[in-house]
Amino acid sequence: MLFFVARRLLYLVPVLIAVSVLTFVIASLLPGDLAYVILGDQATPENVAALRHDMGLDLPIWQRYFGWLWQILQGDFGRSFRTGQTVLQAVSERVPVSFELMIFAELIGLAIGVPLAIACAAKAGSAFDRLMTGSAFGMLSVPTFLSAILLIYLFAVELRWLPATGYVPFTEDPIANLRFMVLPALTLALAEWPGIMRVLRSDMIAALQEDYIALAKAKGLKPSRILFVHALKPSSLTLVTITGINIGRLIGGTVIVETIFALPGIGRLLVGAIYTRDLIILQGVVLLVAAGFVIMNFIVDMLYAVLDPRIRHGHA
Amino acid sequence: MSGAALLSVENAVVDLPTPRGNLRAVDHVDLAVGAGKTLGIVGESGCGKTMLSRAILQLLPKKAKLSGRVMFDGQDLPALPAEKLRRLRGRSLAVVFQDPMTSLNPVLTIGTQLTETMQEHLELDLGKARQRAIELLAAVGIPAPEQRLSQYPHQLSGGMRQRVAIAVALSCEPKLLIADEPTTALDVTIQAQILDLLAREQQRRHMAMIIITHDLGVVAGRTDEVAVMYAGRVVERAPTPSLFKQMRMPYTEALLAALPKLDAAPHTPLPAISGRPPDPTRPLKGCSFSPRCRYSAGRCGTEKPHLSAAEAPDHLYACFHPITAGADA
């Protein structure tokens, strides 16, 4: 098992290197480099050239890349030329917001999707199953901004149960923080549960056809044990995968939901950086988010091994 | 049927709806197994023997329709409420499936799969159930049984897995064990060991057993009675010794002849049964075996022979032209 973890960790190194190269190259490909952005459109070519030389922007791209990488390895992701904030400061300020949103959204999504999937698989082909599969399909095609507006209208405008927009840190006022989080998390969850439900449902229907389920029935086990232990556990691998991907995706924040609900998360940081052409922030945040995504996938791999002993023992 | 039988199947019919029409998998089958007795059900692939076993266990596919009675221990299984059936299964009616590679759950330990049945039916606590699980694994010939409890099926060989499956089946001292082709998926060298294990445990525990197989050789020394199935019907049924002394149904004879012989000269072609079983969605009017039967003549093609006794009261066969003692084989 230790060997398995070590090997998977080793796989992370080339992936992270590739991610850093891509991030850097893409940021460099954007037209108009940092010197223009800082000096504005009134700058003379001489001034630009001088600043480019000072910032090392006239060096070949591979030299700039290794310089950047070297700084990152020392823990320096750079500093915004506009706000003077370092990338790490900016990210660590925003991450708790996006992280909390992601956790709540995923928990709500799982809380809706998993029980529905189990119920549908147990009664595959029934009217309930068809109704739920149909609703899931319908929900998949509702865009986030629409469900966000509908939820705001219903819970904030009509019923006045919850605030429409805003944010208070959890450490300041936990109750108010949760009240602000409910609607954005629910909005995201409404887009998450159909995928969760459809994947788990079809995996469970397949598992329920297996010989070992017939044997579990022949052993006279309770239907609940057959469903939750014998069928759910072997069916949960794909569920773990898509939950991992969803979480990885949400680590990067969700631009639309954070914008609609005025949450100061990673998504809005990125959009802001794009608008203001703050390339240092953009580069650093994209790299950190991508690294978070890669590490999330590593955790998913580890969960696979926990769930399926065959992977743990190197048989699959 | 004798009233003392532990299991009696009466007039069982299993119909499966298919896109090509109704498929009659089991066609008016009568069987009985007394307590502590063994019955062999023999037939080639697709003859309905597995469907029959699933019908006894009430594990037929959802779409299948079963009619007739399956009396087990005084209760009609198809009419039993789900909860009562559940308490019977695994407790007094146990099964070993064909393929141990797929019949054990890949993500649960051997220990869990063994103890859960005992915890369910015998109300043992986990400690006692584990103790018994170790004894059972030792009884079915698994070395180092204690370590096995924390292992997963993929860490065991096919033969070992089938031993585990047998231990699971035996765990609550069932009255009847159904072994559905228990050795078909295993290496030849392991087959005899598993069959001997089943026979030994059957005798030691005085349980009744049904062995389902396509191999007449498997049932020869190990059963009290044999039923030969063809195209969903029982075509010959007799006490094992009298069947092997004088088989009457040409299909049984052909099945026996199709077994490879060790003493045959090298490169002797196997006397395979030519042709194939009839399409079960298009039943024949006459004897189902008649198109492949070398004795077929006269009414064989137009009339179905009934399973009935002739010379001996317990030797039943369904044939108009039975093989007689003098006939050459």
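## Chain A: an all-helix chain

Chain A holds 14 helices and zero strands. From the N terminus on, its elements read α-α-α-α-α-α-α-α-α-α-α-α-α-α. This is a predicted model. The C-alpha atoms of chain A fill a box of roughly 85 × 55 × 35 Å along the principal axes.

Chain A has 316 residues, and 33% of them count as buried. Among its contacts with a separation of 6 or more, 71% link residues 24 or more positions apart.

## Confidence in chain A

The average pLDDT of chain A is 86. A score of at least 70 is reached by 98% of the residues. Helix α2 (residues 34–39) of chain A has the lowest confidence, with a mean of 74. The highest is in helix α9 (residues 211–218) of chain A, at 94. Where pLDDT is low, predicted coordinates should not be read in detail.

## The interface between chains A and B

Contacts between the chains involve 19 residues of chain A and 25 residues of chain B. On the chain A side, α9, α10 (223–251) and α14 (309–312) each supply at least two residues. The largest share comes from α9(A), with six residues. Helix α9 of chain A is also where confidence in that chain is highest. By class, the side of chain A that touches chain B has eight nonpolar, four polar and seven charged residues.

## The largest nonpolar core

The largest nonpolar core has 156 residues. A:Val285, B:Val228 and B:Val235 have the most contacts inside it. Helix α8 (residues 174–208) of chain A gives the most to this core, 15 residues. From chain B, the core draws at least three residues from each of domain 1 and domain 2. In soluble globular proteins, nonpolar side chains tend to be buried together.

What is B:Val228 in contact with, leaving aside its neighbours within four places in sequence? Its partners include B:Val42, B:Gly43 and B:Glu236. Also on the list are B:Val234, B:Val235, B:Met249, B:Tyr251, B:Thr252 and B:Leu255. One of these, B:Val235, is itself named among the residues with the most contacts inside the core.

## The two domains of chain B

Chain B is divided into domain 1 (1–92 + 176–190 + 203–261 + 268–329) and domain 2 (103–171). Their C-alpha centres lie 31 Å apart. Nine residues of domain 1 are in contact with eight residues of domain 2. The domain 1 side of this contact has five nonpolar, one polar and three charged residues.

## The sheet of chain B

In chain B, eight strands form an open sheet with mixed pairing. Their order is β6-β7-β8-β3-β9-β10-β12-β11. β6 (93–96) and β11 (308–309) of chain B stand at the edges with a single partner strand each, so one side of each is left without a neighbour in the sheet.

Strand β7 (residues 176–180) of chain B runs parallel to β6(B), joined by four bridges. B:Leu93 has B:Leu176 as its bridge partner, and B:Ala94 stands opposite B:Leu177. Five bridges join β7(B) to strand β8 (residues 208–213) of chain B, again in parallel. Here B:Ala179 stands opposite B:Ile211.

Note on methods. Residues are numbered from 1 along each chain as its sequence is written. Chains are lettered from A and ligands numbered from 1 in the order in which they are written. This is a predicted model: local features need pLDDT of at least 70, side-chain atom pairs count only at pLDDT 80 or more; totals for chains, interfaces and linings use all residues. pLDDT is the predictor's confidence in each residue, from 0 to 100. A nonpolar core is a set of buried Ala, Val, Leu, Ile, Met, Phe, Trp, Tyr and Cys residues joined through C-beta atoms within 7 Å. A residue is buried if 20 or more other C-beta atoms lie within 10 Å of its own, exposed if 12 or fewer, and partly exposed in between; C-beta atoms are placed from the backbone. Domain bounds come from an automatic or database domain assignment. Two residues are in contact if their C-beta atoms, placed from the backbone, lie within 7 Å. Ala, Val, Leu, Ile, Met, Phe, Trp, Tyr, Cys and Pro count as nonpolar, Asp, Glu, Lys and Arg as charged, and the others, Gly among them, as polar. Two strands pair if DSSP finds at least two bridges between them.
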